Amino acid sequence: MNLLTVEHIAKSYGELVLFSDISFGINQDQKIALIAKNGSGKTSILNILSGKDQPDKGQVNSRKGIRISILDQEPQLNPNLSVEETIFTSDNEVLKVIATYEKALQNPEEEEAYQKAFEDMERYGAWDFETQYKQILFKLKLDDLKARVATLSGGQKKRLALANALINRPDLLILDEPTNHLDLEMIEWLEAYFKKENLTLFMVTHDRFFLERVCNEIIELDNGQLYSYKGNYSYYLEKKEARLEREAVEQHKSKILFKKELDWMRRQPKARTTKSKSRIDDFHQIKERAHQRRISHEIQLELNMERLGSKILEMHKVVKSYPGKTILDKFDYSFVKGERVGIIGKNGTGKTTFLNILTGVQKPDGGKVVIGETIKFGYYNQAGIVIKEGQKVIEVIREFGDYIPLKKGRQISAQQLLERFLFDRKKQYDFVEKLSGGERKRLYLCTVLIQNPNFLILDEPTNDLDIVTLNVLESFLLDFPGCLIVVSHDRYFMDKIVDHLLVFRGEGVIEDFPGNYSDYRAYEDSAEIAKRTERQKEVKTDLNKGKWRDNSGSKKLSYAEQKEYGKLEKSIEKLEEKKKILEGRFSDDALDGVEIDALSIELRELTDEISAKTDRWFELSAIIEGE
């Protein structure tokens with residue numbers, strides 16, 4: 001079923017044409033990602049789809065009555081509301097159903113209205129609404145439901161807006177960089193949520209693992225043309241490469257034909273026949289095809305890096321804490337030449353504080369940080385570039401000089417440098433405040449790298465960068481000869497760049513893991529499976545000490561028992577997850593005595609159910625082993 005159709009839309013700002021004559025459709029259950037370079041108009045397309053903006057030409061037609069939600073990069077929330085109030089003041093269909101039901105309860109004599117309200121509660125799954133929204137908020141680390149929006153960080157506000165969008169369960173969910181401000185655990189949960197739920201998605205994201213695991217279609221806006229790929233990220237890469245090869249062959253043929261037709265044009269007399277006129281028209285089309293040029297510059301920068309000495313950077317018994325939170329607890333570490341470290345951990349475990357201590361932005365509470373004499377830091381932090389009113393792009397670079405030194409005594413001008421960072425001559429004279437979020441990040445990256453650091457620290461460098469820039473940045477970093485520290489939730493980026501990880505567990509616990517992120521996840525998953533198997537063995541041993549009857553006979557599982565056995569393990573896992581959520585609700589200080597009693601009863605009933613199903617699972621297991 002088609003939900004929304006885009007027909008021949010165009011958008012421009014003054015002389016800047018973002019796109020023209022763009023058409024595509026969104027059908028129910030599709031999960032579509034839009035890929036394009038920064039500044040190509042991705043966010044403008046999202047705003048047009050959601051109705052926040054209008055195209056200069058063309059139109060967007062949506063199915064009557066469909067509900068559309070959008071997650072902006074910078075969501076607008078009421079600062080005076082609490083986290084929970086934000087959920088309850090949203091335009092949520094389920095909330096309307098609940099309100100209607102509560103009203104029907106007050107007028108029980110109106111049986112028809114009550115029956116309809118009851119059926120709507122069933123149809124919308126509204127009985128479990130409180131559990132659903134609290135579970136989503138819990139997963140997104142928004143545990144304090146009474147916290148005011150005004151007190152939340154930018155990342156927390158983005159996560160609250162995401163929670164609101166998910167809870168609203170719209171017919172079409174539009175997402176602008178949904179993984180920004182989420183830690184790795186949250187991203188993996190969101191991936192699983194989108195794969196499980198029947199949601200229709202249209203998103204812009206640079207997270208290539210997310211594209212691989214969630215999306216079933218990718219559309220790319222490339223040089224003003226829209227291309228559709230019916231598959232995930234791997235499929236997109238394969239088919240795009242084939243398309244580019246095909247275009248190169250076609251352009252080569254066009255150039256050969258153009259030369260042939262050009263000779264014919266030069267030989268023609270002034271008085272031409274009608275047939276010749278038609279050939280002349282064809283010639284102009286051939287000329288246009290032959291002279292088409294792909295605008296696909298790459299970032300290239302040969303750093304004139306300072307030589308690294310024998311001493312790089314050492315941390316001795318470093319201590320750092322805040323009230324109620326330990327970041328570093330007598331931490332020791334010595335960096336070596338060419339080291340490439342990735343830093344991962346949940347939000348709030350102190351990753352950025354650690355980087356600030358390394359670079360001297362913050363002081364430790366104890367211990368010492370010894371920095372080698374030859375070390376020159378390049379620190380790309382989340383704050384980004386400081387925008388000065390009225391400053392143009394070229395002026396940002398010229399603050400470092402009109403000419404920038406490269407290797408072997410060579411140099412390039414500020415203009416040439418910006419061109420290598422994908423800013424053409426026209427864009428260089430734009431005001432910085434007019435740049436898109438991704439373009440500002442690219443300019444900031446340029447200012448960090450041109451200072452020729454030999455110890456590069458990148459704190460979430462992939463946020464808001466387009467995939468083209470990410471691929472080129474990865475190529476540059478792979479050749480970077482100095483030391484490198486990366487904090488990133490981009491798993492694809494981390495896998496490609498780092499050699500080992502520092503895992504921030506919280507409360508001052510930091511583990512050194514010898515591998516990339518995928519290695520780490522495989523290790524963690526295998527460790528969790530091993531723990532679960534060990535727990536099952538322990539329980540089974542205890543039960544076999546006398547609880548179970550002798551199964552040494554020849555009894556075998558019936559067909560019905562085999563089916564039951566297959567379902568039990570999944571059922572127990574789901575109940576255990578539900579139990580964790582229920583236990584987490586007891587931490588809410590706002591609960592009164594009646595609510596606590598109700599929760600206690602619910603938890604006891606759930607525990608009894610888990611126990612009964614576990615007993616039955618072991619009973620059936622014992623029969624299987626005796627077969």
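Helix axes are taken here as lines fitted to C-alpha atoms over the stretch in contact, and the angles between them run from 0 to 180 degrees between N-to-C directions. Helices (H or I, at least four residues) and strands (E, at least two) are DSSP runs numbered from the N terminus. The structure is a predicted model, in which local features need pLDDT of at least 70 and side-chain atom pairs count only at pLDDT 80 or more, whereas totals for chains, interfaces and linings use all residues. Residues are numbered from 1 along each chain as its sequence is written, and side-chain values use heavy atoms, with hydrogens and water left out.

The chain contains 19 helices and 20 strands. Of its 627 residues, 45% count as buried, where buried denotes under 20% relative accessible area, exposed over 50%, and partly exposed the range in between (1.4 Å probe, protein chains only). Among contacts (heavy atoms within 4.5 Å) with a separation of 6 or more, 68% join residues 24 or more positions apart.

Helix 5 (residues 129-139) packs on helix 6 at an angle of about 150 degrees, their axes being 10 Å apart. The crossing of this pair is right-handed; a crossing is left-handed if the near helix is turned anticlockwise from the far one by less than a right angle, and right-handed if clockwise. Helix 5 contributes Phe129, Tyr133, Ile136 and Leu137 to the contact, and helix 6 contributes Leu160, Ala163, Leu166 and Ile167. By class, this contact of helix 5 with helix 6 comprises eight nonpolar, no polar and no charged residues. In this classification Ala, Val, Leu, Ile, Met, Phe, Trp, Tyr, Cys and Pro are nonpolar, Asp, Glu, Lys and Arg are charged, and the others, Gly among them, are polar.

Helix 6 (residues 154-168) also meets helix 7 (residues 184-196): their axes come within 13 Å and cross at roughly 15 degrees. Helix 6 is therefore roughly parallel to helix 7, given that angles under 35 degrees count as roughly parallel, over 145 as roughly antiparallel, 65 to 115 as roughly perpendicular and the rest as oblique. The crossing of helix 6 and helix 7 is left-handed. Arg159, Leu162 and Leu166 of helix 6 make the contact with Met186, Trp189, Leu190, Tyr193 and Phe194 of helix 7. The residues of this contact divide into seven nonpolar, no polar and one charged. Leu166 of helix 6 takes part in the contact with helix 5 and in that with helix 7.

Helix 3 (residues 93-106) and helix 4 (residues 111-123) have axes 9 Å apart and pack at an angle of about 145 degrees, in a left-handed crossing. On the helix 3 side the contact involves Val97, Ile98, Thr100, Tyr101, Ala104 and Leu105, which meet Ala113, Tyr114, Ala117, Phe118, Asp120 and Met121 of helix 4. The class composition of this contact is 10 nonpolar, one polar and one charged residues.

Most residues other than glycine have a negative phi. Glutamate 177, in the loop between strand 6 (172-176) and helix 7, has a positive phi near 50 degrees and is buried at 5% relative accessibility. Lysine 330, located in strand 11 (residues 325-335), has a positive phi near 55 degrees and is exposed at 56% relative accessibility.

Valine 486 lies in strand 18 (residues 483-487) and is buried at 0% relative accessibility. Beyond residues up to four places away in sequence, valine 486 touches Val341, Gly342, Ile343, Leu458, Pro461, Phe493, Met494, Ile497 and Val498. The C-alpha atoms of valine 486 and isoleucine 497 are separated by 8.6 Å, the two residues being 11 residues apart along the chain.

Isoleucine 371, in strand 13 (residues 366-371), is partly exposed with a relative accessible area of 38%. With neighbours within four places in sequence left aside, isoleucine 371 contacts Ile312, Leu313, Leu358 and Phe377. The C-alpha atoms of isoleucine 371 and isoleucine 312 are 6.2 Å apart, at a distance of 59 residues along the chain. Threonine 353 of helix 11 (residues 351-358) is buried, with a relative accessible area of 13%.
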